[in-house]
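Here is a friendly tour of a protein model, with the cut-offs spelled out along the way. Please have your viewer ready.

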Amino acid sequence: MKKKLLIGLLTVAACFSLGSTSFASPAAAAAPDSQAAITQGVTTNAVISRLTLKVGESRYLTGSSFWISGDQGDNNPIYLNVDGLVVGLKPGSALVVADLPDGSGQIEYYITVK
């Protein structure tokens with residue numbers, strides 16, 4: 001448990017250092033035009049995170065109970081496993097939703113694969 005929490009915190013820290021994370025209220029957050037097909041605002045009190053991956057790149061996401069919103073079947077640009085490992089498969093956009101580690105809400109990962 002401590003190892004997963006540490007990995008999650010390191011992931012969030014890495015997102016901050018890369019400048020790819022934006023925390024804002026859902027009302028102020030707008031997805032870029034390339035993500036217009038993704039459902040906006042899955043939850044009302046969600047933490048928003050934007051992540052860009054290259055094809056073949058992988059990252060562990062923070063949270064639990066991960067799921068892809070608007071699952072695109074075989075056309076998904078990402079692979080996501082139950083531990084929060086996300087891999088960029090092909091160019092495109094996806095929205096991953098997860099419960100926050102402390103159980104206080106959810107986090108929405110807007111992922112773009114280039």
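The text below covers the sheet first, then the charged side chains and the rings.

This is a predicted model, in which local features need pLDDT of at least 70 and side-chain atom pairs count only at pLDDT 80 or more, while totals for chains, interfaces and linings use all residues. Residues are numbered from 1 along each chain as its sequence is written, and side-chain values use heavy atoms, with hydrogens and water left out.

Four strands form an open sheet with mixed pairing, in the order β1-β7-β6-β3. Strands here are DSSP runs of E with at least two residues, numbered from the N terminus, and two of them pair if DSSP finds at least two bridges between them. At the edges are β1 (46-53) and β3 (64-69), each pairing on one side only. From one strand to the next, the twist averages 25 degrees (axes are lines fitted to C-alpha atoms, with angles from 0 to 180 degrees between N-to-C directions). Eight bridges join β1 to β7 (residues 106-113) in the parallel sense, and S49 stands opposite Y109 in β7.

Now for the charges. The structure holds one salt bridge (a side-chain nitrogen of Lys or Arg within 4 Å of a carboxyl oxygen of Asp or Glu). R59 forms this bridge with E57, their closest N and O atoms being 3.2 Å apart. Both partners are listed here with their class (buried is under 20% relative accessible area, exposed over 50%, partly exposed in between; 1.4 Å probe, protein chains only).

| Residue | Relative accessibility | Class |
|---|---|---|
| R59 | 22% | partly exposed |
| E57 | 24% | partly exposed |

Elsewhere, the charged end of R50 sits over the ring of Y110, 5.3 Å from its centre; the criterion is CZ of Arg or NZ of Lys within 6 Å of the ring centre and within 35 degrees of the ring normal.
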